[in-house]
Amino acid sequence: MPNSYTAILDYDCGNTESIQNALRAVGQNSVITSDKSKIKNASSLILPGVGAFPAAMAKLQEKDLVESICRFIDSGKPLLGICLGMQLLMDSSSEFEETKGLNVINGKVVSLKSLIASNSNRRVPNIGWYKIISQDNSSLKNLLSSTVQDDFFYFVHSFACKPIWKNDILATTEFGDTSFCSVYVKDNISGVQFHPEKSGKSGLKVLKNFIDLNV
Amino acid sequence: MNQENFRIIARLDIKGANLIKSVNLEGLRVIGDPNTHATDYYKDGIDEIIYIDCVASLYGRNQLVDLLKKTVKDVFVPITAGGGIRTLKDARELLRNGADKIAINTAAVDNPDLLTKLAREFGSQCVVSYIEAKKNENAGWEVFVENGRQRTYKDVLNWALECASLGAGEILLTSIDKEGTSTGFDLELCSKVSSAIEIPVIASGGMGRVQDLVDLKNSSVVSGAAIADVLHYKKLTVEQIKAEMVKNKIQVRIYA
């Protein structure tokens, strides 16, 4: 076990190996785990997520991981939610049926369809490469440091987070005649709707920034 | 209004450990090592990779896992895996080893309920309905399975609609008539299917030159194209294709 490592939460709902490979590419040790002490001792935690919200929440509960996530957050160490992982940290989601989330970021997860006009030129699921527009003008070191406005990120989703507090929104992405929250940050908790592990060099930069957050 | 960025996707058909190429889904020919090709396309700015195991469905085997494990070490773009997926367990194994989406053809036709189960478990966005279409004598298209070997008497348009309502998040639409011919996409097929359904449609089969992509994009609302020969035989690079698309005012992701 390396001294400093990122724990990638293993709950049967994520492309964990891809995230591990991407972390390796930026020089970070990681373990794919659902072991409580390994989660607790990690220097950072990634909550991946591929799948449907209700099934993923059920898995987290079944594997008794909710408390581990909450304790990790309380420790002040960095946590990154990716795609569905980002959504799970919200209060609730309306995917299939209204389901409670981890209640960490205030707001709901809503369907992209509900955000756009019925005659929109955009399809759902939203699949493909899009830019993000940073809402943060400060020069603070953050998740998006050194990403430029020309970077594209890979999205594949039918739902998106709608944080209540504007301050939590770090970046948005245009979608037809509207936009959705593509990155949020609140204290040590961040979430990205895109897949940094699948977004080429641009995504690797974001993962590197995440790793550097607690250095 | 913010537009969709057209996706350029490399399609790699796999048999055993080899990247192969066929014409009209028949007459397989070995090209080389799939992982080497996938890695080159990634470096050149490909938007996605599709691996289809051509014989998995026939033999019930799946060698994709080993290939995926290798590819995801160096390739950081989405990978769709297909061929021989029959159960939630099959799908989970591929997703766990690096696939981002799974493409289902034969098993969905045999058991349409599988699409719904997969969508419930993994989310619609990672369920791709892979449709093999062959023009019939009634000016329509028929669904084929088993890599173009077996007819189903199903109408492609109806089946595409059914797949979307069952929970598929994307359609990978292959024209058997055009596949491997380098004579352009089946524009009528792509136009009809992409305007009939709301989920993204990826066109496959027939790409020979960049103008074929331009014609495709200008005549239908497909979200991307899966291309094989022109890349595998190094007739064009991803960069050349995208530069030409931009000249034709088609929005694509530019890889810095």
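Asn103(A) sits in the loop between S6 and strand S7 (105–111) of chain A. The model is predicted. Phi of Asn103(A) is near 70°, a positive value in a residue other than glycine. Is Asn103(A) buried, exposed or partly exposed? Asn103(A) has 13 C-beta neighbours inside 10 Å, so it counts as partly exposed.

**Backbone features of chain A**

Phe96(A) also has a positive phi, about 65°, although it is not a glycine. Its place is the loop between strand S5 (90–93) and strand S6 (99–100) of chain A. Phe96(A) counts as exposed because it has 12 C-beta neighbours inside 10 Å. The cut-off matters here: a residue is exposed with 12 or fewer such neighbours, and partly exposed between that and the buried limit of 20 or more.

Chain A also holds a cis peptide bond. Which residues does it join? The bond runs from Val124(A) to Pro125(A), with omega near 5°. Pro125(A) lies in the loop between helix H6 (112–115) and strand S8 (126–130) of chain A.

**The two chains as a whole**

Chain A has 7 helices and 14 strands. Its radius of gyration is 16 Å, close to the 17 Å that the globule rule gives for 215 residues, so chain A is as compact as a globular protein of that length. Chain B has 11 helices and 12 strands. The radius of gyration of chain B is 17 Å, close to the 18 Å from the globule rule for 256 residues, so chain B is likewise as compact as a globular protein of that length.

| Chain | Span of C-alpha trace along principal axes | Buried residues |
|---|---|---|
| Chain A | about 55 × 40 × 30 Å | 51% of the 215 residues |
| Chain B | about 45 × 45 × 40 Å | 56% of the 256 residues |

Contacts within the chains can be split by sequence separation. In chain A, take the contacts between residues at least 6 apart in sequence: 70% of them join residues at least 24 apart. In chain B, residues 24 or more positions apart account for 65% of the contacts with a separation of 6 or more.

**Where the chains meet**

How many residues of chain B are in contact with chain A? There are 33, and they touch 35 residues of chain A. Helix H4 (88–96) and helix H6 (113–122) of chain B each supply at least two residues of this side of chain B. The largest share, 3 residues, comes from H6(B). By class, the side of chain B that touches chain A has 12 nonpolar, 10 polar and 11 charged residues.

**Helix packing in chain B**

H4(B) and H6(B) also pack on each other. Their angle is about 45°, with the axes 10 Å apart. Angles under 35 degrees count as roughly parallel and 65 to 115 as roughly perpendicular. H4(B) and H6(B) are therefore oblique to each other. The crossing of H4(B) past H6(B) is right-handed. On the H4(B) side, Leu88(B), Ala91(B) and Leu95(B) meet Lys117(B), Leu118(B), Glu121(B) and Phe122(B) of H6(B). The residues of this contact divide into 5 nonpolar, no polar and 2 charged.

A second pair is formed by helix H1 (residues 34–43) and helix H3 (residues 64–71) of chain B. They pack at an angle of about 40°, with their axes 10 Å apart. The crossing of H1(B) and H3(B) is right-handed. H1(B) contributes Pro34(B), Asn35(B) and Ala38(B), while H3(B) contributes Leu67(B), Lys70(B) and Thr71(B). By class, this contact has 3 nonpolar, 2 polar and 1 charged residues.

**Val156(B) and its surroundings**

Val156(B) is found in helix H7 (residues 156–166) of chain B. Why does Val156(B) count as buried? It has 26 C-beta neighbours inside 10 Å, and the limit for buried is 20 or more. Leaving out residues up to four places away in sequence, Val156(B) touches Ile131(B), Ala133(B), Trp141(B), Glu142(B), Val143(B) and Val193(B). Ala38(B), of the H1(B) contact, is 118 residues from Val156(B) along the chain. The C-alpha atoms of Val156(B) and Ala38(B) are separated by 30 Å.

Notes:
Residues are numbered from 1 along each chain as its sequence is written. Chains are lettered from A and ligands numbered from 1 in the order in which they are written. This is a predicted model: local features need pLDDT of at least 70, side-chain atom pairs count only at pLDDT 80 or more; totals for chains, interfaces and linings use all residues. Axes are lines fitted to C-alpha atoms, for helices over the stretch in contact, and angles run from 0 to 180 degrees between N-to-C directions. Helices (H or I, at least four residues) and strands (E, at least two) are DSSP runs, numbered from the N terminus. A crossing is left-handed if the near helix is turned anticlockwise from the far one by less than a right angle, and right-handed if clockwise. Two residues are in contact if their C-beta atoms, placed from the backbone, lie within 7 Å. Ala, Val, Leu, Ile, Met, Phe, Trp, Tyr, Cys and Pro count as nonpolar, Asp, Glu, Lys and Arg as charged, and the others, Gly among them, as polar. Angles under 35 degrees count as roughly parallel, over 145 as roughly antiparallel, 65 to 115 as roughly perpendicular and the rest as oblique. The radius of gyration is taken over C-alpha atoms; the globule rule is 2.2 Å times the number of residues to the power 0.38.
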